[in-house]
Amino acid sequence: MRELNIYIKNTELDSELILSELSEFAKITEVHKDGANTLSISNYPFVDWDYIFKFGLNENTNFVFLDEYIDGEYPRDRFIDSGLSYTLKEISTCRSLPLVNYPKKMTSANVALLLDRDGIINIDSGYVYKYSDEIIYPDILEVVKEANDLGIPVAIVTNQAGVARGMYKVSDVDSFHKHLKNFYQENGARIDHIEICPFHKDKGEEMWKFDSLLRKPNPGMHLKALSQLMCKVEGSLMIGDKQSDRINLLGLKTLLLQGDYEITPADDLCQSRQELCQKISNYLNNLLDFS
């Protein structure tokens with residue numbers, strides 16, 4: 001078991017409770033100043049502590065949460081300080097590691113199935129916003145059924161830059177997803193949550209022209225979805241068909257479908273829908289089996 005110093009900056013926090021909970025993950029020593037190998041705590045949020053201990057303590061790290069706000073009249077997002085930081089050694093460089101900000105304490109350690117939409121759930125004809133049952137792939141519907149049966153929550157995470165470009169509206173995306181969820185339900189499957197990114201960093205209408213943390217490969221949509229589903233990052237599985245579906249989030253697993261988009265070859269790349277669905281099924285049933 002690793003050794004770790006804990007510096008509780010906020011005197012209003014219950015230090016006895018904190019030290020007791022974190023002692024499950026390391027041999028803890030309470031200290032009263034920041035220094036080498038020290039986790040500093042000024043806020044004690046609902047986070048996945050196991051995730052922090054696995055991914056956050058190998059270099060100087062500032063842990064951050066996704067925050068949504070209004071800039072004038074426009075929706076925006078940013079990372080904010082979570083109240084947690086780690087000092088491996090006293091050097092000036094420090095990375096930022098995003099965390100899921102859960103609305104309450106986690107009581108289970110479930111994983112989620114996270115699906116890109118166009119090209120995975122439905123035929124991708126370019127900026128799709130008009131719903132039709134005929135464009136829905138039946139194979140992924142069966143995969144979602146399997147996830148439902150296994151008690152694994154399912155979320156859609158989809159870039160929708162057609163909104164920014166003025167090609168359709170958020171209400172059109174919402175209408176598409178309403179019809180999609182109804183179709184799935186009628187066929188015995190369930191989508192538990194949907195996140196969209198309507199932004200583009202340099203194209204389209206001004207209110208949507210923003211370098212958003214929601215836009216894949218940024219992890220914003222995934223952080224939001226996992227928070228709502230009360231699922232952990234580590235072991236959750238992202239399915240997509242573009243290079244941008246390799247999300248910048250440590251611990252998140254990926255399977256990609258080779259289609260019309262250029263993707264850097266890697267072990268997560270599938271050459272057919274049949275191979276993709278089989279590997280998703282293997283993963284859902286075994287969680288560590290990509291064979």
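Modeller: Here is a walk through the overall build, the rings, the cysteines and some backbone details.

Biologist: What should I know about the source before we start?

Modeller: This is a predicted model, with local features needing pLDDT of at least 70 and side-chain atom pairs counting only at pLDDT 80 or more, while totals for chains, interfaces and linings use all residues. Residues are numbered from 1 along each chain as its sequence is written, and side-chain values use heavy atoms, with hydrogens and water left out.

Biologist: OK, how many helices and strands are in the protein?

Modeller: The protein has 7 helices and 12 strands. Those are DSSP runs numbered from the N terminus: helices are H or I with at least four residues, strands are E with at least two.

Biologist: And what radius of gyration does the protein have?

Modeller: The protein has 21 Å, which agrees with the value near 19 Å that a compact globule of 291 residues would have. The radius is taken over C-alpha atoms, and the globule rule is 2.2 Å times the number of residues to the power 0.38. Along the principal axes, the C-alpha atoms fill a box of roughly 65 × 45 × 35 Å.

Biologist: What share of the residues is buried?

Modeller: Buried residues are 50% of the 291. Buried means under 20% relative accessible area, exposed is over 50%, and partly exposed is in between (1.4 Å probe, protein chains only). The protein exposes about 14,200 Å², with carbon and sulfur atoms supplying 46% of it; that area comes from the Shrake-Rupley method with a 1.4 Å probe, and for residues only the protein chains shown count as cover.

Biologist: How much of the contact set comes from residues 24 or more positions apart?

Modeller: They account for 68% of the contacts with a separation of 6 or more. A contact is heavy atoms within 4.5 Å.

Biologist: Switching to rings. How many aromatic pairs turn up?

Modeller: A search of the whole structure gives 7 aromatic pairs. Rings of Phe, Tyr and Trp (its six-membered ring) pair if their centres lie within 6.5 Å; planes under 30 degrees apart are stacked, over 60 edge-to-face, and the rest tilted.

Biologist: Why is the pair of Tyr 129 and Tyr 168 called stacked?

Modeller: Their ring centres are 5.0 Å apart and the planes are at 25°, so the pair is stacked. The two residues are 39 apart in the chain, with Tyr 129 in the loop between β7 (113–115) and α3 (138–150) and Tyr 168 in the loop between α4 (161–164) and α5 (170–186). Tyr 129 is partly exposed at 30%, whereas Tyr 168 is buried at 5%.

Biologist: What about Tyr 131 and Phe 176?

Modeller: That aromatic pair is edge-to-face, at 5.3 Å centre to centre and 80° between the planes. Tyr 131 is in the loop between β7 and α3 and Phe 176 is in helix α5, so the pair ties together parts 45 residues apart in sequence. Both residues are buried.

Biologist: Which charged end sits over the ring of Phe 176?

Modeller: That's Arg 117, 3.9 Å from the ring centre. A charge sits over a ring if NZ of Lys or CZ of Arg is within 6 Å of the ring centre and within 35 degrees of the ring normal. Arg 78 also lies over a ring face, that of Tyr 69, at 4.2 Å from the centre.

Biologist: Is Arg 95 buried or exposed?

Modeller: Arg 95 is buried, with a relative accessible area of 18%. Its place is strand β6 (residues 95–98), and among the residues Arg 95 touches are Phe 55, Glu 59 and Leu 250.

Biologist: How many disulfides does the structure hold?

Modeller: The structure holds 0 disulfides, a disulfide being a pair of cysteine sulfur atoms within 2.5 Å. For Cys 277, the nearest cysteine sulfur is that of Cys 270, 9.0 Å away. Cys 277 is buried at 12% relative accessibility, and Cys 231 is buried at 0%.

Biologist: Last topic, the backbone. Where is the cis peptide bond?

Modeller: A cis peptide bond joins Lys 216 and Pro 217, with omega about 15°. Pro 217 is in the loop between β9 (193–197) and α6 (220–229).

Biologist: What is the phi of Met 230?

Modeller: Met 230 has a positive phi of about 55°. Most residues other than glycine have a negative phi. Met 230 is in the loop between α6 and β10 (237–240) and counts as buried at 16% relative accessibility. Asn 37 also has a positive phi, near 50°, and its place is the loop between β2 (27–31) and β3 (38–41).

Conventions: Lists of a residue's contacts leave out its neighbours within four places in sequence.
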